[in-house]
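I opened the model to look up strands, core and rings. My notes follow.

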Amino acid sequence: MSACRALRRPHSRRRSTVLAAGAALAALTLTACGSGNTSGGGGQTGFVQGAGGVDVVKDKGGRQSAPDLSGKTLDGKDLDVAEAYKGKIVVLNVWGSWCAPCRAEAKNLVAVANAYKDKGVEFVGLNTRDPDPAPALAFEKEFKVPYPSLYDSSGKLLLRFPKGSLNPQAIPSTVLIDRDGKIAARAIKPLGEDELREALDPLVAEK
């Protein structure tokens with residue numbers, strides 16, 4: 001009997017992991033392609049809501065560390081965001097090829113990514129809920145996306161964001177990570193080009 005129990009325990013742990021990831025995706029499904037009115041998760045985030053509904057942590061000391069964001073990109077390459085873009089400002093956009101608001105904001109993200117490349121700003125996509133990478137790769141080709149996207153169809157990377165932080169809670173969401181790897185701002189709605197520039201400029205100016 002003890003041998004049977006020993007064999008069952010790993011299965012139970014795997015099942016718990018799958019259920020947790022499923023719960024995270026279910027929560028995102030409720031807010032997917034929504035209006036971006038979801039409030040911040042519990043805890044003390046220390047953020048203020050800026051113009052256009054972009055939440056910002058102005059006090060650098062009050063920002064929380066971004067989680068480990070690493071894995072395979074849509075084209076099968078390995079990417080560790082913290083390692084690849086150390087000392088850079090990172091704009092992380094959560095998107096899906098099936099999401100109409102993601103399509104609407106894509107041209108804005110591409111324009112700002114190209115304009116801010118020489119300002120120490122790197123963009124990274126986080127593709128979620130696409131069961132196959134092919135439609136997402138077609139999306140990137142259509143909009144001439146110049147930056148990589150981590151492939152996170154199961155939502156495991158989204159689970160890594162700390163509770164109470166400015167975590168992505170809708171699709172699309174955009175998270176701004178400062179040069180020290182801290183979460184500085186978040187939008188849980190599609191962003192216009194001017195909105196994104198206004199959110200980025202204070203981070204670029206930081207010393």
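**Entry 1: strand E9.** How many of the five residues of strand E9 (residues 183–187) are buried? I took buried as under 20% relative accessible area, exposed as over 50% and partly exposed as in between, with a 1.4 Å probe and protein chains only. Five of the five are buried, so E9 is largely enclosed by the rest of the structure. This is a predicted model: local features need pLDDT of at least 70, side-chain atom pairs count only at pLDDT 80 or more, and totals for chains, interfaces and linings use all residues. Residues are numbered from 1 along each chain as its sequence is written, and side-chain values use heavy atoms, with hydrogens and water left out. Helices (H or I, at least four residues) and strands (E, at least two) are DSSP runs, numbered from the N terminus.

**Entry 2: partners of E9.** I looked up strand pairs, which need at least two DSSP bridges between the strands. Strand E2 (residues 55–56) pairs with E9 in the antiparallel sense over two bridges. Strand E8 (residues 173–177) also pairs with E9 in the antiparallel sense, over four bridges. Arg 186 in E9 stands opposite Asp 55, and Val 175 stands opposite Arg 186 as well.

**Entry 3: the hairpin turn.** E8 and E9 form a hairpin with five residues between them. In the turn, Gly 181 has a positive phi of about 80°. Asp 180 is placed in the loop between E8 and E9. I checked its accessibility: at 56%, Asp 180 counts as exposed. Gly 87 is 93 residues from Asp 180 in sequence, yet the two are 6.3 Å apart in space, C-alpha to C-alpha.

**Entry 4: helix H5.** H5 (residues 193–205) has 13 residues. From its first C-alpha to its last, H5 reaches 18 Å, close to the 18 Å expected at 1.5 Å a residue (1.5 Å times one less than the number of residues). Leu 196, Ala 199, Leu 200 and Leu 203 of H5 are buried. The buried residues of H5 pack against strand E5 (89–95), helix H3 (100–116), strand E6 (121–127), E8 and E9.

**Entry 5: the core.** I looked for nonpolar cores, sets of buried Ala, Val, Leu, Ile, Met, Phe, Trp, Tyr and Cys residues joined through side-chain atoms within 4.5 Å. The largest has 48 residues. Those with the most contacts inside this core are Leu 69, Val 81, Phe 123, Leu 176, Leu 196 and Leu 200. H3 gives the largest share, seven residues. Contact means heavy atoms within 4.5 Å. Leaving aside neighbours within four places in sequence, Leu 69 is in contact with residues including Val 81, Leu 92, Phe 161 and Ile 177.

**Entry 6: rings.** Rings of Phe, Tyr and Trp (its six-membered ring) pair if their centres lie within 6.5 Å; planes under 30 degrees apart count as stacked, over 60 as edge-to-face and the rest as tilted. The whole structure holds three aromatic pairs. The rings of Phe 123 and Tyr 147 have centres 5.5 Å apart and planes at 40°, so the pair is tilted. Phe 123 lies in strand E6 and Tyr 147 in the loop between H4 and strand E7 (149–151), so this pair ties together parts 24 residues apart in sequence. Phe 123 is buried, with a relative accessible area of 3%. Tyr 147, at 11%, also counts as buried. Ring pairs link Trp 95, Phe 139 and Phe 143 into a cluster.
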